[in-house]
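Open the model in your viewer and keep the selection tool at hand. The tour goes stop by stop.

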Amino acid sequence: QVIVPVTAACHPFPGVSWALMSDPLGHTVTIFITHAWAEGVFEFVNGALDKWPKSKSGVEHAAYICFLSNPQNLDIADMLKDINTSPFKVALDNMPKPGLMI
């Protein structure tokens, strides 16, 4: 209701993910956050914020959240056919070790 129409109208890259629309340079993912489609947005946000690590010595965190990181206007089925090209695995493989999963 929000992500698809807003990112579809994104200029100059219509259909880009919410994450890239918000910050085209991106960040190194340090947190991988899972969710359930039946979970409400307020429940999701409250759970994520409750577990978000407190910053130590200015260390910033960035999270991979599939519904914000994957382009919701595009068909990513081909990327999901092989586990090695799955955006989920790519995000996990590129996280600093140890990473945090919420």
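Exposed here means over 50% relative accessible area, and buried means under 20%, with partly exposed in between. The model is predicted.

**Stop 1: the salt bridges**

Select Lys51. At 52% relative accessibility, Lys51 is over the 50% cut-off and therefore counts as exposed.

Go to Asp78 and Lys81. Their side chains meet in a salt bridge at 3.0 Å, N to O. Both residues are exposed.

Then select helix α6, residues 87-93. Asp93 and Lys89 form a salt bridge here, their closest N and O atoms 2.5 Å apart. The two sit four residues apart in the helix, so about one helical turn separates them. Asp93 is partly exposed, with a relative accessible area of 46%. Lys89 is partly exposed too, at 24%.

**Stop 2: the aromatic pairs**

Color the rings. The structure holds four aromatic pairs. One of them is Phe32 with Tyr64: stacked, 5.1 Å centre to centre, with 15° between the planes. Phe32 lies in strand β1 (residues 31-33) and Tyr64 in strand β2 (residues 63-65), so this pair ties together parts that are 32 residues apart in sequence.

Next, select Phe44 and Phe67. This aromatic pair is edge-to-face, with 5.2 Å between centres and 65° between planes. Phe44 is in helix α3 (residues 41-51) and Phe67 in helix α4 (residues 66-69); the pair links distant parts of the chain, 23 residues apart. Phe44 is buried at a relative accessible area of 9%. Phe67 counts as buried at 15%.

**Stop 3: Thr7**

Finish in helix α1, residues 3-8, where Thr7 has its place. Thr7 counts as buried, at 1% relative accessibility. What does its side chain reach at 2.7 Å? The backbone oxygen of Ile3. The Thr7 side chain also makes a polar contact with the side chain of Asn73, at 2.7 Å.

Show the contacts of Thr7. Leaving out residues up to four places away in sequence, Thr7 touches Phe13, Pro14, Gly15, Val16, Ser17, Trp18, Met21 and Asn73.

Conventions: Residues numbered from 1 in each chain as written. Predicted model: local features only at pLDDT ≥ 70, side-chain atom pairs only at ≥ 80, totals over all residues. Heavy atoms only, no water. Buried < 20%, exposed > 50% of the residue type's maximum accessible area, 1.4 Å probe, protein only. Polar contact = N/O pair within 3.5 Å; in protein donor to acceptor, adjacent residues only side chain to side chain. Contact = heavy atoms within 4.5 Å. Salt bridge = Lys/Arg side-chain N within 4 Å of Asp/Glu carboxyl O. Phe/Tyr/Trp six-rings, centres within 6.5 Å; stacked < 30°, edge-to-face > 60°.
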